[in-house]
Amino acid sequence: MGVWDFIYNLFPRLYELTSAALGGLPTWASYLILGLIGIVLILFFVILVVMLFVWFERRLVGRFQIRLGPNRAGPAGLFQPIADVIKLLLKESFTPSKADRWVYFLAPVVAVVPAFLIFAVVPIQGGAGGILVDLNIGILYIVAISTISVVGVFMAGWGSSNKYSLVGAMRTVAQMVSYEVPLVLSIIGVVLIAGSLSMVTIVKEQAVPFILLQPLGFLIFFLGSLAEINRSPFDLLEAESEIVAGFHTEYPGIWFAIFFLAEYGHALAVSAIVTTLFLGGWMGPGLPPYLWFFIKVLLVFSVMLWLRSTLPRFRVDQLMGFAWKYLFPLALVNIFITGFEAILWPDFPWPIILVNILVMGVLIVLWSRFFPLEEGFRLERYGIGIAKGMALTFKHLFRRPITVQYPEQRLTPSRRFRGNELVLDLGRCTGCGACVRACPLNIIHLETRRGPEKGLIVERFDVEAGRCMYCGLCVESCPVGCLFMGRSYERATYRLEELTVGMDRLTAPDRKPSAYAHPEMEKEMPEQTLLAPPKGVH
Amino acid sequence: MGVAIAFWVLAAVSVASALAVVITRDIFRAALFLVLCFLTIAGIYITLGADFLAAVQVLIYIGAISVLIIFAIMLTREAQRGSPSNRLRLPALAIGVLLLATLVFAVLVTPWNVVVPLPEAEPTTAGIAARLFDLEGGFVLPFEIVSVLLLAAAIGAIVLARDR
């Protein structure tokens, strides 16, 4: 009963402490209070993790696209979701004048509540306290509850009385209803092996994670859930180029935020369910169980983001064809095979793993051969194409981002960069005025007077930098080489007159010259930052 | 006690929403009330300890049937102008009352085998599974055949729906 034990079994220990503290109360009161605590914990958990997920998604997708992603608000941009929520809260709230108000305002609520309800049966850790309630219909409860959010989408699409909303809702619902069939059928394989619908028992039965015993089931379930939660490449409902934002087009500010919460809550739920059903839930060596759970959830979510940043959107007919021609029959075949295996080899010996993976490969190849999604569809071409794309986005993770943390971090421009205005070396200038004559815009103004000895003294050397077009003719025409292009590139000023650059600023020591038209200077210059990857990496 | 309160609340809501389905003029709202009605009936199943039935009720009646109804409404042109009226109001009322009377009569007349005291309500899932998938006297073979049958139907549908 040391500190490690407490950390390792955090949730059961907390549960024991709470129930001990409530020991004096009658049973129903302690039951009620424990339940309320659990509900509040789940609410906070979901909202916090959703905010984390929003940040994580934007950062990781940024890396997949060789960008940095949002990193300004708070450490590493962690407060970005908070800033987003505040922005949404402060937005003007309006209702479309023709909206069916009751339906319109109830829709986000109906959409978001199932996302929370699902977490009642998701086990974070074994033992009491690791799960709110271990229903013996666990996975069926999840399937049933998540269908309710369809109604919310419908209500939003109808209540807004906007054609884009309606089309978006129709698309969403057609998609959700179609993909629900293979989704539920693929769960049956898991249930057959585990011999239970309870989420806790399913995890406990996974001495070998079910992803190995049920590779085909996993694939169908994962793709089906992606479609259920409308994530890319199944995100037809928010195909911006076609139907604005789909069913939530007409929702402003906070109402939109609720839909957003529902979407990410469902993404979190799906990650948690995949973890529980196929990846062995909280089980893993060394680390505390709940940490294993979160690591696996994050892993599943990362795979979703990986798919999102690689694959383009489906077309509507392809979407339906994929559900009904591929996932649905394959899910049925999966049930058939799993049922046989469950009867013949009830304890699932390890060669079954290899057999199942082989069967999956053969089935996928055969099915794509017999039922091409459209004319000319070839698994050899498209499958390899998808694999290549996935490999490419994965490689991007290890590349240097194209964007930099400006202004803390700056890129070194080319050595012959024609940067801001001019740099003047007054000691060498003879006041010959060649630059003035060379300037096609007449923006260099030179005033000289006779010196005490031979030659001229420069009194005024102004450049109207606001009009400069960086042609560099002045630099090229200078016979003594006292004029250079600058290396800086920030042009903004607060006042108009600052755009006329005088002699004192042209000669200031912090103005760095570039090697434009001065090739002899190139050797001392720092090398240009190259964002292109080294050879061999595309 | 708690179960009794839950039952009465659910019963009241389900009857009210069922009435609303019939009375509401806006057909889309009527469909939504139907969803609420199905949901409360699932709740009543839970108070009776029939958890499997409750989940299936939500899954099928809300997830499939209501969605189908709403889908049909969305595809209907005239739905925006309220419920399409017709002359079947009185016959429908008569048939409804007749059906209700039959049901009430049947419930009252049937000699129910009432067990006192009530046995503890137990989760039904394990029992259903044991009955269905018991290797002796279960329905394992029909279950397998069903999956083959559905597969055949699906492939048939795909072949029929192909362009060529």
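Reply: Let's begin with a pair of helices, α2(B) and α3(B), which are roughly antiparallel to each other (under 35 degrees counts as roughly parallel, over 145 as roughly antiparallel, 65 to 115 as roughly perpendicular, the rest as oblique). This is a predicted model, in which local features need pLDDT of at least 70 and side-chain atom pairs pLDDT 80 or more, while totals for chains, interfaces and linings use all residues. Residues are numbered from 1 along each chain as written, and chains are lettered from A and ligands numbered from 1 in the order written.

Helix α2 of chain B covers residues 27–47 and helix α3 of chain B covers residues 51–74; they pack at an angle of about 175°, with axes 8 Å apart. Axes are fitted to C-alpha atoms over the stretch in contact, and angles run from 0 to 180 degrees between N-to-C directions. Helices (H or I, at least four residues) and strands (E, at least two) are DSSP runs, numbered from the N terminus.

Which residues of the two helices meet? On the α2(B) side they include B:I27, B:F28, B:L34, B:F38 and B:Y45; on the α3(B) side they include B:D51, B:Q57, B:Y61, B:S66 and B:I73. Residues are in contact if their C-beta atoms, placed from the backbone, lie within 7 Å. This helix contact is made of 19 nonpolar residues, two polar and one charged (Ala, Val, Leu, Ile, Met, Phe, Trp, Tyr, Cys and Pro are nonpolar; Asp, Glu, Lys and Arg charged; the others, Gly among them, polar).

Stepping back, chain B also touches chain A: 31 residues of chain A are in contact with 29 residues of chain B. On the chain A side, α6 (138–159), α7 (163–194) and α14 (316–344) are the elements that give two or more residues. The largest share, eleven residues, comes from α6(A). By class, that side of chain A has 26 nonpolar, three polar and two charged residues.

Now for chain A itself. Its secondary structure comes to 19 helices and five strands. The radius of gyration of chain A is 32 Å, well over the 24 Å that the globule rule gives for 538 residues, so chain A is more spread out than a compact globule (taken over C-alpha atoms; the rule is 2.2 Å times the number of residues to the power 0.38). Along the principal axes, its C-alpha atoms fill a box of roughly 110 × 65 × 60 Å. An automatic or database assignment sets the domain bounds, dividing chain A into domain 1 (7–396) and domain 2 (422–524), whose centres are 63 Å apart over C-alpha atoms.

Finally, have a look at the strands. In chain A, three of them form an open antiparallel sheet in the order β2-β3-β5, with β2 and β5 as the edge strands; pairing takes at least two DSSP bridges. Strands β2 (444–450) and β3 (456–464) of chain A share seven bridges, and A:R450 has A:L456 as its bridge partner. These two strands form a hairpin with five residues between them, where A:G455 in the turn has a positive phi of about 100°. Two bridges join β3(A) to β5(A), residues 500–501: A:E464 stands opposite A:T500, and A:V463 opposite A:V501.
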